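This briefing looks at the charged side chains of one structure and at how they pair. Please have the sequence and the model open while reading.

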Amino acid sequence: MTKTPRSAPRLAATLGLWLLLAPLAHAAPAMDRASIDAQYQRDRSACAGKQDPSSREACLREAGAVRQDALRGKIGDNTTPGDWRRNALARCQAHQDAFDRSQCERRMMGEGQAQGSVEGGGLLREITTTIEPAAPGTVTAPK
């Protein structure tokens, strides 16, 4: 009979808790204490459902560590919605043409339609712009 190392259940418990707590890591950096405590209670409840005592113990330790980090402001990537907006608009700088760049910026600011999700692998943003044809005899510069 092969014995499983004692650290294997702890590793599995830690990994499971990490997956469970991942949404907290991406939360807004300015969480208040009540939100942190509420998340901690949810995490403890999730740990209570573990059958293996060592897994439950590791889960509770990890939940406490995450709570402490959140209270110290060390959870999250410390970005703000303003940072996200600047990053989205900076991506539009890849368009050399001013019209294309302005259309990109409009999409990033929420105009048009969006389909898909980040979780699903991508978000497709679409905007429809009507361009009046040039008057007959008008010469337009090639792109």
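Arg106 is partly exposed, with a relative accessible area of 27%, where partly exposed lies between buried (under 20% relative accessible area) and exposed (over 50%), computed with a 1.4 Å probe on protein chains only. Salt bridges that share partners also join Arg33, Asp37 and Arg67 into one network. This is a predicted model, in which local features need pLDDT of at least 70 and side-chain atom pairs count only at pLDDT 80 or more, while totals for chains, interfaces and linings use all residues. Residues are numbered from 1 along each chain as its sequence is written, and side-chain values use heavy atoms, with hydrogens and water left out.

**Salt bridges overall**
- The structure holds 6 salt bridges, each being a side-chain nitrogen of Lys or Arg within 4 Å of a carboxyl oxygen of Asp or Glu.
- Side chains of opposite charge can pair when their charged atoms come close.

**The pair Asp37 and Arg67**
- Asp37 and Arg67 form a salt bridge, with an N to O distance of 3.0 Å.
- This pair links distant parts of the chain, since Asp37 lies in helix H2 (residues 33–48) and Arg67 in helix H3 (residues 53–71), 30 residues apart; helices are DSSP runs (H or I, at least four residues) numbered from the N terminus.
- Asp37 is partly exposed at 24% relative accessibility, whereas Arg67 is buried at 17%.

**Other pairs**
- Arg106 pairs with Glu111 in a salt bridge whose closest N and O atoms are 2.8 Å apart, and Glu111 is partly exposed at 38%.
- Arg72 and Asp69 form a salt bridge with the closest N and O atoms 3.5 Å apart; Arg72 is exposed at 53%, and Asp69 is partly exposed at 28%.

Terms used. Helix = DSSP H or I, 4+ residues; strand = E, 2+ residues; numbered from the N terminus.
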